[in-house]
Amino acid sequence: MNFLAILKIAMRALGRNKMRSALTMLGIIIGVGAVIAMVSVGQGAQRMVQDQISSMGSNMLYVMPGNMMQGGASMGLGAASTLTDEDVIAIQREIPTVAHVSPVVNSSAQIVFGNQNWFVRIQGTNEQFPDIRNWKVQQGEFFNEADVVSGSRVIVLGKTVADKLFPGMDPVGQTIRVRNLPFRVSGVLEAKGQSMVGQDQDDTAIVPYTTVQRKLAGRTIPAISQAMVTGVSEAGSKLAQNQITDLLRQRHKIGPTESDDFMVRNMADVAATSAQLTTIMTLLLGSIAAISLIVGGIGIMNIMLVSVTERTREIGIRMAVGARPNYIRLQFLAESLMLSLMGGLIGILIGGSISRGISGFLGWPTLVSSLSVLISFGFATAIGIFFGYYPAHKAAALDPIEALRYE
Amino acid sequence: MIDPVHIPESAPDAVIRLERIHKIYKMGEVEVHALHGASLRVNRGEFVAIMGPSGSGKSTMMNIIGCLDRPTKGQYLLDGQDVSKLNKAQLADIRNQRVGFVFQSFNLVPRTSAIENVELPLLYAGVGSAERLRRAREALAIVGLADRGKNMPNQLSGGQQQRVAIARSLVNDPSIVLADEPTGALDTRTSIEVMEILQRLNRERNLTIILVTHEPDIAQYATRVIHFRDGRIRRDEPVANRKDAAQALRELPPAEEDDE
C-alpha cells in the first residue's frame with residue numbers, strides 16, 4: 001500500500017469534518033504563528049544590535065584612563081589622566097596588530113553660523129577617525145595630519161548639526177564660530193543614525209584633538225579622555241587588546257602585583273554580551289509561544305482520540321478486509337500529521353504577516369529567518385507525530401471482532 | 001457428524017480443514033469454553049450453512065474460519081496453509097487474499113462511494129489504481145450495480161448495500177466467502193435476491209461460501225447445513241431439497257419495486 005493512498009484516505013477523513021479539522025488546525029496555526037512572530041521580534045532586535053555594533057566597528061577597542069583614588073573615594077574610570085599622547089603614539093608605532101589609533105578629547109560648545117546656533121558635543125580626534133569609526137565623509141573632506149599637527153581650526157560636522165546650522169545650504173568652506181573662534185567647515189559626515197542607547201550619533205562635530213587641547217580648553221591642557229583603536233581584523237583586535245595592555249603597563253611602570261591604571265574595552269566583547277542578551281530574549285519569547293504550540297498538539301491528540309472512537313467500526317471493516325494494524329496506525333498518523341503540517345504552513349504565513357504588522361505599525365524591527373521557519377515547521381511536524389501516535393496506536397491495537405461489533 | 005479421525009489425509013480439494021478446534025475466552029476469573037474440539041472440512045465449491053442458537057459457538061467458529069481470531073487449541077488449514085499460529089499482520093494478509101466478508105449490517109465504510117468500498121481490499125493488497133478500478137467495476141457488474149459505483153452507501157437501499165458488500169468480498173478473488181447473517185437486515189424479497197447472487201457465484205464461479213444464518217429457509221439455499229450446539233457440531237448433513245433462489249424470485253408475486 002503506497003503512501004499516496006494513505007494520504008488520500010487521511011485527506012478524505014479530514015474533509016468529512018471540515019469544521020472540526022479547521023478548529024484543530026487552529027491550535028497549531030496559532031502556535032506556529034506565535035512562534036514565528038515572537039522569534040521574529042527577538043531576532044529583529046538581535047539584528048539591530050549587531051548592525052549597530054558592526055557599524056561602530058566590531059574590531060574596535062577603547063582604551064580608557066583608569067580609576068583614581070582621591071582621599072579614599074574612588075573617582076571611577078576615566079577620572080585619572082593617565083593616558084597621554086605619547087601612549088597613543090606608542091600604540092600606533094609598536095603594535096603591528098593595530099590598524100588605526102586616535103586619541104579622543106571631548107568637549108562641548110555652542111557653535112554659531114549667521115543667526116543660527118547649536119549646542120554640540122565636540123570630539124577631538126586625529127585624521128584616522130573616519131577609518132576607525134568606519135564613517136565616511138559625505139561632502140567636502142576630513143581634516144588631514146597636518147591640521148592635527150598644527151592644531152588648525154577646521155571642523156567636520158555631523159549631519160544633524162549641518163542641517164541645523166545650514167538649512168538648505170552647502171556648509172563646506174563656510175566659517176562658523178566655536179566659542180567665538182572661527183572654524184572652517186571642511187566636511188560633513190554621512191548620516192549614521194541612532195546609537196545603541198538611542199543617542200543621535202549625527203549630532204556631533206569633529207575637530208583635531210590638538211585643537212581642542214590648545215584652543216577650546218581652558219588654561220590647562222586636558223589629558224586625552226580615551227583612545228580609539230582598531231585592530232587589523234576582528235581576531236586581531238583580541239590580540240591587540242593584550243598587546244596594548246602589556247605595552248601600557250610597561251610604559252606606566254606598573255609592577256606585576258599592581259592593577260592597571262587604564263582599561264581596554266573590546267567592542268567584540270560588548271557585541272557578544274548584547275548578542276547573548278538578545279538571544280535570551282528570543283529564546284524566552286520563542287518558548288512562551290512554543291507552549292501554545294504544545295497546547296495545539298494536545299488539541300490534535302484529543303480530536304484524534306474522539307475520531308478513533310467514532311470510527312471504531314470503520315477500523316474494524318478495514319481490518320476485516322485486510323488492513324494490517326500498521327496501515328491503520330499509518331492512516332491515523334497521516335491524519336494528525338496532515339493537520340499539523342497544514343496548520344504549520346498556514347501558521348508560517350500568518351506569523352509572517354503578524355511580524356510584518358509589528359514592524360509596520362509599531363516600528364519594531366522584525367526578522368523572519370528561514371531558520372525560525374524551519375524550526376517551527378519541524379516542531380509542528382514533531383508535535384503531529386508525537387500527539388498523533390497514541391490515538392493511532394490505539395486504533396491499530398483494536399481487535400477487529402470487537403471493532404466490527406461496536407455501535 | 002464426521003469424526004475427524006476418518007477424514008482422508010489426502011483430501012483432494014479441502015479449502016477449509018479445522019481439526020479439534022478449541023476456543024477458550026477468559027472473562028475475568030471465569031473461563032468460557034466457546035468451542036469444544038470442533039472439526040470440519042469444507043471442499044472447494046461447497047455452499048455451507050452454519051446454524052445454531054446464540055451461544056452455540058457458531059460466531060466463534062465464523063471468526064476463526066474468517067481469520068479474525070485464532071483457536072486456543074487445534075489446527076486450521078486454509079487452502080492447505082496452517083493459519084492457526086499466525087500473528088495479527090499475517091492474519092490481516094490472509095483475510096485480504098483468501099477471505100471475503102459479508103455482514104448482516106453490510107459494514108460499508110460510510111461516506112465512501114460504492115466503488116471505493118469495493119476497491120478497499122485491493123488497496124490493502126497494493127494493487128495499482130487503474131487495476132483497482134477495473135476489478136472493482138467488474139465486481140460491481142457481477143452483482144448488478146455497474147451504474148451505482150459513484151453512490152454513497154446512504155444513497156443505496158439495504159439490498160443494494162449488501163450487493164456492494166458482496167462485490168467487495170469477491171474483488172480479491174478469495175478462497176472462501178463468509179456471509180454472517182447476510183439477510184438478517186433485509187426483507188424477504190431482498191433476502192432472496194441476495195441468496196440468488198450467492199447461489200449464482202457458487203454455481204458459476206465455483207466459489208466456496210460459508211453462510212451463518214438462523215433462518216431455516218435461508219439455509220435451504222445452501223448445499224450442506226451444519227448445526228452447532230454447546231461448542232460442538234451436532235449435525236452435518238446435505239440439503240435434501242435445495243431451493244433455487246432464481247426460481248423462488250420468479251414465483252414471488254410481482255414486487256412493488258422496493259429498492260430500485
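1. Start with a residue pair in chain A. Met64(A) stands opposite Met263(A) in strand 12 of chain A. The two strands involved, strand 1 and strand 12 (residues 262–266) of chain A, pair in the antiparallel sense, and 5 bridges connect them. Note that this is a predicted model.

2. Strand 1 of chain A has another partner. Running over residues 60–65, strand 1 is joined to strand 11 (residues 226–231) of chain A by 4 bridges, and this pairing is antiparallel. Here Tyr62(A) has Met228(A) as its bridge partner in strand 11 of chain A. As a general point, strands of a sheet pair through backbone hydrogen bonds, in either the parallel or the antiparallel sense.

3. Next, the overall build of chain A. The chain holds 13 helices and 12 strands. An automatic or database assignment divides chain A into domain 1 (3–52 + 273–405) and domain 2 (83–260). Domain 1 is given in two segments, 3–52 and 273–405. The centres of the two domains of chain A, taken over C-alpha atoms, are separated by 56 Å.

4. The dimensions of chain A deserve a remark. Its radius of gyration is 33 Å, whereas a compact globule of 407 residues would have one near 22 Å. The C-alpha trace of chain A spans about 105 × 60 × 40 Å along its principal axes. Of the 407 residues in chain A, 44% count as buried. Among contacts in chain A with a separation of 6 or more, 80% are between residues 24 or more positions apart.

5. Now chain B. Its open sheet has 4 strands in the order 2-1-4-5, with antiparallel pairing. The edges are strand 2 (30–43) and strand 5 (81–82) of chain B, each of which pairs on one side only. Inside the sheet, strand 1 (residues 14–27) and strand 4 (residues 73–78) of chain B run antiparallel and are joined by 5 bridges. Glu19(B) stands opposite Gln75(B) in strand 4 of chain B.

6. The contact between the chains takes 18 residues from chain A and 21 residues from chain B. On the side of chain B that touches chain A, the elements giving two or more residues are helix 2 (88–98) and helix 3 (114–125) of chain B. Helix 2 of chain B provides the largest share of that side, 6 residues. By class, the side of chain B that touches chain A has 11 nonpolar, 6 charged and 4 polar residues.

7. Finally, confidence. The predictor gives the complex an ipTM of 0.91 and a pTM of 0.73. Chain B has an average pLDDT of 89, and 93% of the residues score at least 70. Residues 1–10 of chain B have a pLDDT below 50, and beyond near neighbours in sequence this stretch has 9 contacts in the model.

Note on methods. Residues numbered from 1 in each chain as written. Chains lettered and ligands numbered in written order. Predicted model: local features only at pLDDT ≥ 70, side-chain atom pairs only at ≥ 80, totals over all residues. Contact = placed C-beta atoms within 7 Å. Nonpolar A, V, L, I, M, F, W, Y, C, P; charged D, E, K, R; others polar. Pairing = 2+ DSSP bridges. Rg over C-alpha atoms; globule rule 2.2 N^0.38 Å. Buried ≥ 20, exposed ≤ 12 C-beta atoms within 10 Å, placed from the backbone. pLDDT = per-residue confidence, 0-100.
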